[in-house]
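Open the model in a viewer with selection by chain and residue number. The stops below say what to select next and what is there.

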Amino acid sequence: MVKIMAADDEHDILQLLERILKKEGHKFIGCSTGGEFLKLYPKEKPDLVLLDVMMAGISGTDIYKKIKGSNKRQKVIFLTVLDITPTAGGVKTDELTAYVEKPFEPTDLLKKVRAILKK
Amino acid sequence: MIDLIIIVLVVLSLLVLFELMVIINSLRYTRQLLRIKDKHEAELRRAHEKLKSVDKLKTEFMNIAAHELKTPLVPMVGYLHLIDKTRLNSEDRENLEIAIRNTQRLQRLVGDILDIAKLESKVMKFNMEDVQLGRAIKDAISSAAPFAKDKKIYLKSEAPAKLPIIKGDFMRLSQVLTNLLNNAIKFTDKGGITVRARKTGGEVVVEVSDTGIGMAKQEIPKLFAKFYQADSSAKRKYGGTGLGLAICKEIIKAHKGNIWVESELGKGSTFAFKLPVKR
């Protein structure tokens, strides 16, 4: 079973992600703050991480820099409105990083999840 | 004789004194000019700093506006698509389809308004990288293909898989291609759409040709203006914000390219853009 962790400060979006990914048969762990995510991440060791770029406090980009610092092979999908990307903020991303533009349809998210999990 | 010498000396002294006064005045004047120059430079620096902080504020504002307008759309779009249509009766299914259709309309409108606002206030960020346009064309065609299939029209590519690399923002150029393809599909009921691409000199030209309704010659110059639609009945029949082509034009302009259209009423249109090849 694939384990997916997500960080998004919007409860409705976290729940939406949970419903889409659980239906696909994945294990889902949702965190509503960057702090909560970083606390759980080393213990959970997820196969894939979904990050909201723009979060209050510790942002998705901050989380990305931290987790990539400890695990370069971590697969990450950023959930973002088109312009607000870590690259635009000067953060270097790699081939194990993908983007899903908000708002997204469940099938678009699942396509990206399947593609990155194959890498 | 002595008198004459004294007179000459006095005249010479007066001349030297006059010269000295001129030099002193010039120095004073130069110092004054330098003070004015310094003052103006300081003012320019302050104005520049102010402009920089206004730009930063504009970018921050646009990012917050984008985030706040798009965030509520995420659960709206997502949950509507999670509803199991097979468990609904025909009326509820129709209700759901209307809700989905209008959410998509709102989504396009929000996206287009934010894009045009960002482009006009020059706060849109372009992530310039090496772009293989062949890949962008392939992606845009595969995402537009289901819409062409729904209308029973063809959508084919005659573009070579490998095109010269250009320097650009992949996502924004894909947005232009998707926009042109969606427009072509929207205005074509018979026949279909063909995408072509070629290298001409130092540029790559991409064309999206359709066999759709086309347009009259007098409509063409106004076509890339904001909120313009070829005729008001088209707006009622085909919908849309009338911002798509204005956005395409600005994006292509930001890539130092050019976009244009050739069209004939009743016979179809060809939208084309050219971009400089990376040197």
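**Stop 1: a helix in chain B**

Select helix α7 of chain B, residues 244–254: nine of its 11 residues are buried, so the helix is largely enclosed by the rest of the structure. Buried means that 20 or more other C-beta atoms lie within 10 Å of the residue's own, exposed means 12 or fewer, and partly exposed is in between, with C-beta atoms placed from the backbone. Helices (H or I, at least four residues) and strands (E, at least two) are DSSP runs, numbered from the N terminus.

This is a predicted model, in which local features need pLDDT of at least 70 and side-chain atom pairs count only at pLDDT 80 or more, while totals for chains, interfaces and linings use all residues. Residues are numbered from 1 along each chain as its sequence is written, and chains are lettered from A and ligands numbered from 1 in the order in which they are written.

The buried residues of α7(B) include Leu245(B), Ala246(B), Lys249(B) and Glu250(B). Among the elements covering them are α3 (90–120), α5 (170–186), β6 (258–264) and β7 (268–276) of chain B. Just after α7(B), Lys256(B) has a positive phi of about 60°.

**Stop 2: the helix across it**

The axes of α5(B) and α7(B) come within 10 Å and cross at roughly 145°; axes are lines fitted to C-alpha atoms, for helices over the stretch in contact, and angles run from 0 to 180 degrees between N-to-C directions. On the α5(B) side the contact includes Arg172(B), Val176(B) and Asn183(B), and on the α7(B) side Ile247(B) and Ile251(B). Residues are in contact if their C-beta atoms, placed from the backbone, lie within 7 Å. By class, the contact has six nonpolar, four polar and one charged residue. Here Ala, Val, Leu, Ile, Met, Phe, Trp, Tyr, Cys and Pro count as nonpolar, Asp, Glu, Lys and Arg as charged, and the others, Gly among them, as polar.

**Stop 3**

Lys152(B) is exposed, with 9 other C-beta atoms within 10 Å.

Move to chain A and select Pro103(A), in the loop between β5 (97–101) and α4 (106–118). A cis peptide bond joins Lys102(A) to Pro103(A), with omega about -5°.

**Stop 4: between the chains**

Show both chains: 16 residues of chain A are in contact with 19 residues of chain B. Helix α1 (residues 11–23) of chain A gives the most to the chain A side, with four residues.

Note on methods
Two residues are in contact if their C-beta atoms, placed from the backbone, lie within 7 Å.
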